[in-house]
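Subject: A structure for you to look at

Hi,

Here is the structure I promised to pass on. Have a look at it first, and then read my notes below.

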Amino acid sequence: MNKPIAAPSRTKEILQQFGLHAKKGYGQNFLTDVSVVSRCAQVSHCEGAVIEIGPGIGSLTEQLALCSKHVRAYEVDEKLIPVLKETLKEYGNVEVILQDFLEADVESSVRELREAYGSVAVCANLPYYITTPILFRLFECREGIPYITVMVQKEVADRFAAEPGSKDYGALSVESQYLYDVKKLYAVPRNSFQPAPNVDSAVIQFRQKEIDDPVDDREAFFELVKACFKQRRKTIYNNVREYLGNGETAVRVLREADIDPGCRAQELGQKEFRRLYERTCLCQD
Ligand code: SAM
């Protein structure tokens with residue numbers, strides 16, 4: 001019986017057998033800690049189907065295959081396809097797709113998997129160079145993904161999970177927390193990877209919120225939020241004035257939204273951003 005793929009000696013063997021070298025350009029750092037990968041799979045709510053982005057040599061994929069009815073894994077590096085075929089040959093419930101995930105039709109994939117397996121979650125150790133675009137791709141999926149569990153750079157996890165008033169709080173926190181309850185689950189030290197990256201990591205989970213009264217134009221809401229944080233040191237008044245192109249309107253809108261024009265965006269919570277968005281929509285009508 002084989003050791004788990006994530007066992008350091010097995011990973012080493014696989015890399016040697018296939019003459020593989022981790023490609024920096026694809027953000028390849030392979031997990032070599034069995035407890036980290038199995039815990040990640042176990043907390044991911046993957047009992048129906050699960051989508052993985054970047055299976056690498058299959059360390060997390062294997063653990064997902066043990067907990068899930070079906071694993072659909074998107075890998076961009078064609079050299080890894082024959083490797084995955086070999087390492088995961090015992091698992092009949094794994095489907096590997098050779099594709100850049102940013103070009104995948106996420107909507108159709110989620111719909112199809114939900115119809116076939118009842119539920120869909122996402123679980124991945126993300127390539128760090130495209131963490132945010134991948135997450136926003138998932139957030140934008142109109143089919144809705146109830147749980148997204150991902151390993152990311154620790155500092156990025158801090159920004160997604162940050163609360164108002166903290167130094168890490170910014171547009172990323174407001175946008176993701178509008179859609180999801182965000183929870184940092186556990187830290188993953190850099191020596192859990194082969195090769196070890198220069199940064200520590202963390203597993204973070206996004207649980208989709210029930211939004212009773214969604215904004216009518218999510219993109220416009222996110223644009224406004226980004227504009228409010230454009231110059232963090234400046235007051236909300238300065239940033240809103242630049243966004244609206246008019247100082248008087250900026251003061252009026254802020255007053256109507258019950259926001260002190262002298263405060264900074266990092267002090268505002270979801271409710272304040274919602275009120276500000278609604279007032280700016282009215283003033284632009
Ligand atoms: N899941 C494996 C593990 O935990 O050991 C590998 C994780 S490694 C950090 C990131 C993986 O994402 C690599 O296998 C890399 O080739 C793949 N990748 C990079 N960019 C991608 C993209 N745009 N679409 C799909 N996979 C990608």
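Let me start with the ligand. Of the 24 residues around it, those that come nearest are Leu-31, Gly-54, Glu-75, Asp-100 and Asn-125; a residue counts as near if one of its heavy atoms lies within 4 Å.

Before going on, please note that this is a predicted model, in which local features need pLDDT of at least 70 and side-chain atom pairs count only at pLDDT 80 or more, while totals for chains, interfaces and linings use all residues. Residues are numbered from 1 along each chain as its sequence is written, and side-chain values use heavy atoms, with hydrogens and water left out.

In the side chain of Glu-75, an N or O atom is 2.6 Å from a ligand oxygen. A polar side-chain atom of Ser-59 lies 3.3 Å from an oxygen atom of the ligand, and for Gly-56 a backbone N or O atom lies 3.3 Å from a ligand oxygen. The ligand taken alone exposes 590 Å², and the protein buries 99% of that (Shrake-Rupley method, 1.4 Å probe).

Ser-59 also belongs to helix α3 (residues 59-67), where 7 of the 9 residues are buried. Buried means under 20% relative accessible area, with a 1.4 Å probe and protein chains only; helices (H or I, at least four residues) and strands (E, at least two) are DSSP runs, numbered from the N terminus. The buried residues of α3 pack against several elements, including β1 (30-31), α2 (34-42) and β3 (70-75).

Another residue to look up is Thr-149, which is in strand β6 (residues 147-153). Thr-149 counts as buried because its relative accessibility is 0%. Its side chain makes a polar contact with the side chain of Gln-205 at 2.8 Å (a pair of N or O atoms within 3.5 Å; within protein, one must be able to donate a hydrogen and the other to accept it, and residues adjacent in sequence count only if both atoms are side-chain atoms). Leaving aside neighbours within four places in sequence, Thr-149 is in contact (heavy atoms within 4.5 Å) with residues including Cys-40, Val-122 and Leu-185.

Finally, the chain as a whole. The protein chain has 12 helices and 9 strands, and 51% of its 285 residues count as buried. Its C-alpha atoms fill a box of roughly 70 × 40 × 25 Å, taken along the principal axes.

Enjoy exploring!

Best wishes

Conventions
Buried < 20%, exposed > 50% of the residue type's maximum accessible area, 1.4 Å probe, protein only.
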